[in-house]
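Biologist: Hi! Could you walk me through this one?
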Amino acid sequence: MSRAKKVRFVLYSIPLLFFILVLGPASCCFEAKTAYSPPDALPIVYHEDYNIRFLGLEKLHPFDSAKYGKVHEALVNERGLDGHPFHRPAEVTPAQLRLVHTETYLDSLKNSDNVSYIAEVSAIGYLPNRPVQCQLLRPMRLATGGTILAAKLALNEGWAINLGGGYHHAKPDRGEGFCVYADIPIAARVLWQTRPELKVMVVDLDAHQGNGLEMCFSNDVRVSIYDLYNDQVYPRDEDAKAFATVDLPVPSGTAGAEYLALLERTLPDAMDQASPDILFYNAGSDVFEGDPLGYLKLTREDIIRRDAFVFEQARDRAIPTVMLLSGGYSKESAGIISDSILNLLEPLQDSPP
Ligand SMILES: [Zn+2]
């Protein structure tokens, strides 16, 4: 063990021991609660356990792992959705995970070192696997279950928003970029179990290329992928690019006017060409000008306009739409997302497509 590793090990061992012995057994891996679908007009999916709290280890990653709770809190407390019955998902099941992921990959998650690579927090590799499963992977399995639930809600009610998910870097045989489970491909395959003819479109407007979902869907003729992203940052995955139906790389520093003009010029045609039965909208807020990882220059207003444009275009074509939060790493992300969702709810609340 190197000197640096030894220092890190000592730093983390004391609180971790406390966590494992005292807090772990009480908070770990309790039974998933039964999902329910109240007949309300605002299909938003959320579970308080989406949020990752890992004795401060989550602070070692720029990803704001409590973003989901902050969005929920802002919607409830500041935006007047107090008392709103949010839809509560169950964890994605092992059988559903195996619809996309290989058994070898899923088994590899029982090794904390492998998870630390995906989460990009090396200290996680020193932990026993049990707390890693409970405090890091279970929230992601819940959010993946949330994407499945949101997809089913969208088909019934016209649209739905999952306050999580959008793990678009996860591939069938590996995770990367903080994405463990490929929630969108998994949700599509769950829908295909009963409706195998369903045509799926993914509109991926996260700042990063949706390489994982591109590899998961590969050449499936039922799927169209529209991907607008900064190609000068991670993951620069040339192999995955081949599977995007519409591949729109933009350079770092692209501002809102240029970005939105490109979107408005190309998305309507892409939707017409795809003519999908369901649309997954990966609405990453890491296109924000203050984001530390996206390197694009959209303002808060640009992002609200972007989200509204996607929903309007889908609504005009009566395409059921599932929105997922995906990336967004600045402290402003939660506020931008909640403002945007409230803006989406205004026209849609009374007349879903
Ligand atoms: Zn991203």
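Predicted model: local features only at pLDDT ≥ 70, side-chain atom pairs only at ≥ 80, totals over all residues.

Biologist: Okay, how many helices and strands does the protein chain have?
Modeller: There are twelve helices and seven strands in the protein chain.

Biologist: And what share of the residues is buried?
Modeller: Of its 353 residues, 48% count as buried. As for contacts with a separation of 6 or more, 74% are between residues 24 or more positions apart.

Biologist: Let's switch to α2. What span should that helix have?
Modeller: Helix α2 covers residues 67-78, and its twelve residues at 1.5 Å each should span 16 Å. The C-alpha atoms at its ends are 15 Å apart, so the two values agree.

Biologist: Which of its residues are buried?
Modeller: In α2 those are Lys-67, Tyr-68, Gly-69, Val-71, His-72 and Leu-75.

Biologist: What follows α2?
Modeller: Gly-80 does, with a positive phi near 80°.

Biologist: Now α5, please. Which residues are buried there?
Modeller: Helix α5 runs over residues 112-119, and Ser-112, Asn-114, Val-115, Ile-118 and Ala-119 are the buried ones. Looking down the axis of α5, these buried residues fall within an arc of 155°, which means they line one face of the helix.

Biologist: Nice. What do the buried residues of α5 pack against?
Modeller: Their partners are α4, residues 103-108, and α6, residues 129-157.

Conventions
Residues numbered from 1 in each chain as written. Helix = DSSP H or I, 4+ residues; strand = E, 2+ residues; numbered from the N terminus. Buried ≥ 20, exposed ≤ 12 C-beta atoms within 10 Å, placed from the backbone. Contact = placed C-beta atoms within 7 Å. Expected span 1.5 Å × (residues − 1). Arc of directions from axis to C-beta.
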